[in-house]
Amino acid sequence: MSVTLAFQYAALIVSAIFALLRLPLALKGRNPMLFWALALAAIGVGLSIPAIYLPVDALLGGVNYANLILRFAVYGVVLLIGSISAAAFRSVQARRLILGRAGLVVLAVAVFVTTVLFFISDVPVSSPGLHGYPDEYTVHVYGVVGRIYPAYVAACLIAPAFRAAAHARRPVLLRLGSGLIGIALTEVVIWSILGATRLPIGVWDYILPHSAVIVLVAGLGAVAFYGIALKQREKQSLLTSGYIR
């Protein structure tokens with residue numbers, strides 16, 4: 001197995017397992033957005049793997065609609081993770097930039113332009129990542145546009161993430177999770193900037209986004225585990241106080 005495939009499958013396994021672990025909690029109404037973000041992440045990562053992409057795209061007609069679904073899945077992940085993270089970092093400014101008028105305009109423009117570029121591009125044969133069309137200009141622009149919204153949201157959250165990680169009074173798990181999320185967001189920004197060029201970045205075009213998924217899920221896991229542990233302690237405290245009374 002190549003390094004590229006190893007990172008892709010690792011990202012898929014991590015996001016899928018964590019999504020399944022969150023499913024029972026989501027069914028109980030506990031942070032369902034996190035489950036849907038992880039589920040969409042698993043879909044997006046899965047469609048980046050040729051062994052999954054090709055049969056799925058064949059079912060859709062074999063004209064790369066699976067790639068468009070991948071893009072929309074990424075936008076959904078970014079929106080959900082952005083709103084969750086802004087709340088976790090208690091950053092009013094980041095939340096306003098992501099969920100306010102500016103953020104929603106960036107998202108709407110990204111979705112519209114992505115859709116238009118896809119349908120005006122000549123991509124008649126299934127090609128994972130559309131790498132079979134290296135000389136088609138609209139495909140290049142389509143790829144660049146697909147990275148703008150993730151980069152925008154990541155840029156809004158990097159400073160709050162590292163600020164939360166550096167906060168000495170916050171619990172260790174929260175600081176660890178925030179730091180990991182900050183690292184993942186930094187990877188997303190670097191990947192997006194590199195993707196705007198035509199530099200031959202090779203395997204890093206795969207390693208950066210998929211390692212970002214792995215690190216991001218680890219960070220979200222640390223934050224979620226802290227939340228579960230905190231609720232358990234609160235329940236125990238209530239039981240103890242009730243027993244004493």
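Author: Of the chain's 245 residues, 46% count as buried. Keep in mind that this is a predicted model.

Now for the core itself. The largest nonpolar core has 58 residues, and Tyr149, Leu157 and Leu220 are those with the most contacts inside it. In soluble globular proteins, nonpolar side chains tend to be buried together. Take Leu220: leaving aside residues up to four places away in sequence, Leu220 touches Phe18, Leu34, Ile81 and Ile181.

Where does the core get its residues? The chain has 9 helices and 0 strands. Its radius of gyration is 19 Å, close to the 18 Å that the globule rule gives for 245 residues, so the chain is as compact as a globular protein of that length. Among contacts between residues at least 6 apart in sequence, 73% join residues at least 24 apart.

Two of the contributing helices are worth a look as a pair. The axes of helix 5 (residues 92-99) and helix 6 (residues 101-120) come within 4 Å and cross at roughly 40°. Helix 5 brings Leu97, Ile98 and Leu99 to this contact, while helix 6 brings Arg101, Ala102, Gly103 and Leu104. Sorted by class, that contact has 5 nonpolar, 1 polar and 1 charged residues.

Key
Residues numbered from 1 in each chain as written. Predicted model: local features only at pLDDT ≥ 70, side-chain atom pairs only at ≥ 80, totals over all residues. Heavy atoms only, no water. Axes fitted to C-alpha atoms, helices over the stretch in contact; angles between N-to-C directions. Contact = heavy atoms within 4.5 Å. Nonpolar A, V, L, I, M, F, W, Y, C, P; charged D, E, K, R; others polar. Core = buried A, V, L, I, M, F, W, Y, C linked by side-chain atoms within 4.5 Å. Buried < 20%, exposed > 50% of the residue type's maximum accessible area, 1.4 Å probe, protein only. Rg over C-alpha atoms; globule rule 2.2 N^0.38 Å.
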